[in-house]
Amino acid sequence: MTEKTKSYTDRTWDFLCSLKLTIVLLLLLALTSIIGTLIQQNAPAADYIREYGQANYELFKKLQFTDMYSSSWFIGILALFSVNLICCSIKNFPRVWKFFKEPLLVAGPGTFKGSTNTAEFSSKDSKQEVADRVSTLLKKEIGKPRLTEKEGKLYLFAQKGIYSRLGPYITHLSILIVMAGAIIGNIWGYKAYVNIVEGSSIDQVLSRNGTVPIDLGFTVRCDDFDVSYYPNSNRPKDYNSDLVILENGQEMARKRIEVNHPLTYKGITFYQSSYGPAGSAFFKVKATENASGETVEVKAQQGQNVPLPNGYSFAVTNFTENDRNFGPAMQMRIKTPDGKNGAPFVVWQNFPQFDVKRGGVFNFALLGFEQPQFTGLQVAKDPGVNIVWLGCFLMVFGSLSAFFFSHKRVWVCLEEDGKKTKVLLAGNAHRNQPGFSLAFEELQEKVETSVKNEFQKKEG
Amino acid sequence: MDSGQLFNLTTVAYFAAMVLFFAYIASKNKTVALVATLASLAGFLIQTAALGLRWYESYQILGADGRAPLTNLYESVVFFAWSILLIYLLMDWKYKQRTIGAFVLPIALFSMLWAQMSLSSTIDPLVPALQSNWLTYHVITCFLGYAGFAVAFGVSIMYLLKIGKEEKHTGDGPMGGVLGMFPATKVLDNLNYTAIMIGFPLLTLGIITGAAWANYAWGTYWSWDPKETWSLIVWFLYAAFIHARFTRGWVGRRAAWLSIFGFAATLFCYLGVNLVLSGLHSYGGA
């Protein structure tokens with residue numbers, strides 16, 4: 001009974017560790033991910049019913065295809081993928097760790113005879129002298145060698161790039177770190193948006209999914225919003241908002257944000273994302289009393305009655321940005337103190353003297369007009385984002401070290417052989433064998449020179 | 001001389017190189033192979049100059065708003081061809097397997113022809129969302145990654161062409177004919193892996209720089225936008241390929257097929273998403 005249970009656990013373990021499972025899961029993830037790119041995600045129900053019909057929509061709902069990247073089955077595949085990754089690493093890591101903990105300092109005869117990269121020399125010098133010379137060489141070429149004496153023989157071991165053995169594990173760990181960062185961001189962060197009319201402020205934003213208001217804990221004021229266009233086109237070049245952060249009426253931060261240049265305060269970031277007109281335009285109007293020459297400057301919105309001195313008032317009844325090539329013009333009328341509306345007349349911004357000639361109690365000049373805008377901001381709080389970046393950094397670092405570096409090891413055995421010293425050399429790399437073979441040939445020549453001490457002889 | 005003329009010259013050079021590579025396989029004449037390689041190199045150098053010139057021209061036309069030539073479909077297709085040549089020439093320099101040119105140059109040539117003949121080459125100023133240094137990093141890493149996969153695709157085709165005949169081939173002598181000119185299947189299998197090993201970390205970097213940029217511009221590093229999703233699909237496929245190397249029964253033929261599917265997914269990610277699906281990457285819309 002126990003044996004059967006054990007074999008069952010073993011089989012489960014082997015399944016979870018297997019590389020075949022990894023490949024199948026990767027292909028499955030690739031294949032299923034396509035669904036969400038073909039069926040629009042998180043659209044209103046009516047859209048699906050219009051495009052696919054009621055029956056298909058219900059099927060999609062059941063299969064969670066309308067929000068598939070957060071569906072239980074997709075998360076399930078990702079979870080199994082993570083488990084596979086962890087199990088694989090647990091199974092294989094101890095073997096790799098052994099290279100760190102117990103490097104093979106003394107190579108057996110099998111290494112010197114059986115490997116691809118081997119060489120044999122002999123020297124007239126003593127084995128200690130040769131060992132010293134070869135050590136210096138190895139230190140320069142590979143890394144500081146470790147000397148071991150065993151059964152009258154001297155062994156040297158040098159290695160380089162052992163950390164590249166960790167590459168795959170760092171890469172695997174990095175994927176888990178990215179996932180952890182994403183989960184943290186999902187639980188403790190939010191994505192929201194807010195529109196702020198120029199000159200006004202907000203202290204709440206709306207969640208992107210569900211439009212629930214979220215309290216910021218501080219106030220954001222938009223002092224100004226601007227759009228600039230490329231010359232001779234209506235293609236926007238830049239749009240930016242002057243944002244001010246206020247806490248208890250105190251200004252805490254201020255920044256002109258634009259697309260690709262957000263503002264972050266207390267972990268909440270504000271991104272410039274859209275803009276649009278807010279309410280009706282303001283007209284800056286100068287009224288001059290013809291009798292006294294006294295002037296007042298007022299701001300008026302279209303349709304609004306604006307008081308003037310002595311009980312008079314006026315209203316802007318219409319406006320155009322370009323009146324028959326004469327430029328901006330407003331239509332307006334005056335209300336007398338007894339409540340009677342005068343006849344409408346037109347004032348052109350570019351021709352202020354026209355209205356002086358009209359006569360009457362007041363003449364008017366249009367100084368300018370302003371269309372208030374709102375700025376549309378995306379708002380995000382993501383406490384997991386730096387963890388994601390850490391994961392990304394490790395992923396690049398890990399995959400580069402896994403692909404482009406290899407663990408190279410070189411062993412030397414020095415043995416007395418009568419009056420001579422027999423020198424055995426062997427080398428091994430855990431990847432890119434052809435490349436290492438070339439490097440080994442070079443090393444072999446250098447070792448030979450060093451062993452035979454030809455270098456010094458030439459100098460002597 | 002404007003950049004358009006230089007790009008035309010590039011196209012001619014790539015065409016000549018391709019024909020010469022075919023001629024090499026047919027004639028087995030090593031001088032032809034050398035000339036073909038030199039033609040590729042010349043095309044690559046002319047194209048590099050053309051890219052630099054177009055960059056300069058953007059400042060002539062747009063003043064201070066000039067930018068690297070990496071922003072619309074025309075420029076991206078041209079840059080794709082350039083990336084393929086860069087990766088190919090580096091691999092040729094290292095491995096000197098000249099026949100591969102015959103299977104890689106056509107991809108670059110086709111890209112150049114398509115760009116030159118039917119895509120708009122106007123230099124337009126950038127919308128605010130694209131005004132970011134991330135654009136340059138993102139495009140360069142992605143396209144060098146794609147280029148690695150393109151070379152792997154060419155090599156995989158060669159592998160599949162050769163392996164079928166090799167398995168049927170009996171006798172001790174080497175295989176004759178055109179296929180005999182191809183590198184050994186073992187070498188092709190290795191080159192396939194090498195090209196993907198170059199492409200995969202670059203694609204990873206491309207996805208990461210894209211995510212970093214999206215986070216900087218919109219506050220979301222990942223939103224399962226079709227383009228993002230397809231880049232991940234490509235990543236999954238090549239991740240599967242890399243792991244398949246360590247699994248018995250997955251090397252050789254299956255690996256070659258995986259590489260071909262990977263490149264098909266890459267092309268869909270690059271072009272299909274923009275031309276067929278909708279998303280944030282707008283350059284294919286026009």
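How many aromatic pairs are there over all chains? The count comes to 52 aromatic pairs, where rings of Phe, Tyr and Trp (its six-membered ring) pair if their centres lie within 6.5 Å. One such pair joins A:Trp97 and A:Phe100, whose ring centres are 5.3 Å apart with planes at 25°, so this pair is stacked. In that naming, planes under 30 degrees apart count as stacked, over 60 as edge-to-face and the rest as tilted.

This is a predicted model, in which local features need pLDDT of at least 70 and side-chain atom pairs count only at pLDDT 80 or more, while totals for chains, interfaces and linings use all residues. Residues are numbered from 1 along each chain as its sequence is written, chains are lettered from A and ligands numbered from 1 in the order in which they are written, and side-chain values use heavy atoms, with hydrogens and water left out.

**Chain A as a whole**

- The secondary structure of chain A comes to 12 helices and 20 strands; these are DSSP runs numbered from the N terminus, with helices being H or I of at least four residues and strands being E of at least two.
- Chain A has a radius of gyration of 40 Å, whereas a compact globule of 460 residues would have one near 23 Å. That radius is taken over C-alpha atoms, and the globule rule is 2.2 Å times the number of residues to the power 0.38.
- Along its principal axes, the C-alpha trace of chain A spans about 130 × 75 × 45 Å.
- Chain A is assigned domain 1 (8–91), domain 2 (103–161 + 406–459), domain 3 (190–279 + 374–381) and domain 4 (282–371), with bounds that come from an automatic or database domain assignment.
- Between domain 2 and domain 4 of chain A, the C-alpha centres lie 99 Å apart.
- Of the 460 residues in chain A, 41% count as buried. Buried means under 20% relative accessible area, exposed means over 50%, and partly exposed lies in between (1.4 Å probe, protein chains only).

**Aromatic rings and their neighbours**

- A:Trp97 and A:Phe100 sit in helix α5 (residues 72–101) of chain A, 3 residues apart, which is about one turn of the helix.
- A:Trp97 is partly exposed at a relative accessible area of 40%, and A:Phe100 is also partly exposed at 21% relative accessibility.
- In chain B, the rings of B:Trp235 and B:Phe236 have centres 6.2 Å apart and planes at 70°, so they form an edge-to-face pair.
- B:Trp235 is buried at 10% relative accessibility, and B:Phe236 is buried with a relative accessible area of 5%.
- Ring pairs also build a cluster from A:Tyr52, A:Phe60, A:Phe65, A:Tyr69, A:Trp73, A:Phe74, B:Trp222 and B:Trp224.
- A:Arg358 lies over the face of A:Phe345, 3.6 Å from the ring centre. A charge sits over a ring if NZ of Lys or CZ of Arg is within 6 Å of the ring centre and within 35 degrees of the ring normal.
- B:Arg245 lies over the face of B:Tyr193, at 4.3 Å from the ring centre.

**Strands and sheets in chain A**

- An open sheet of 4 strands runs in the order β13-β14-β15-β16, with antiparallel pairing; two strands pair if DSSP finds at least two bridges between them.
- The edges of this sheet are β13 (305–307) and β16 (345–348), each with a single partner strand, so one side of each is left without a neighbour in the sheet.
- β13(A) is joined by 3 bridges to the antiparallel strand β14 (residues 313–320), and A:Val306 stands opposite A:Phe314 in β14(A).
- Strand β2 (residues 146–150) and strand β3 (residues 153–160) of chain A run antiparallel and are joined by 5 bridges; A:Glu149 has A:Leu154 in β3(A) as its bridge partner.
- The hairpin of β2(A) and β3(A) has 2 residues between the strands, and A:Glu151 there takes a positive phi near 50°.
- β3(A) also pairs in the antiparallel sense with strand β19 (residues 408–417) over 7 bridges, where A:Lys160 stands opposite A:Lys408 in β19(A).

**Positive phi in loops**

- A:Asn260 has a positive phi of about 75° although it is not a glycine.
- A:Asn260 lies in the loop between β8 (250–258) and β9 (263–265) of chain A, and is buried at 2% relative accessibility.
- B:Lys96, which is not a glycine, has a positive phi of about 50° and is found in the loop between α3 (73–95) and α4 (101–118) of chain B.
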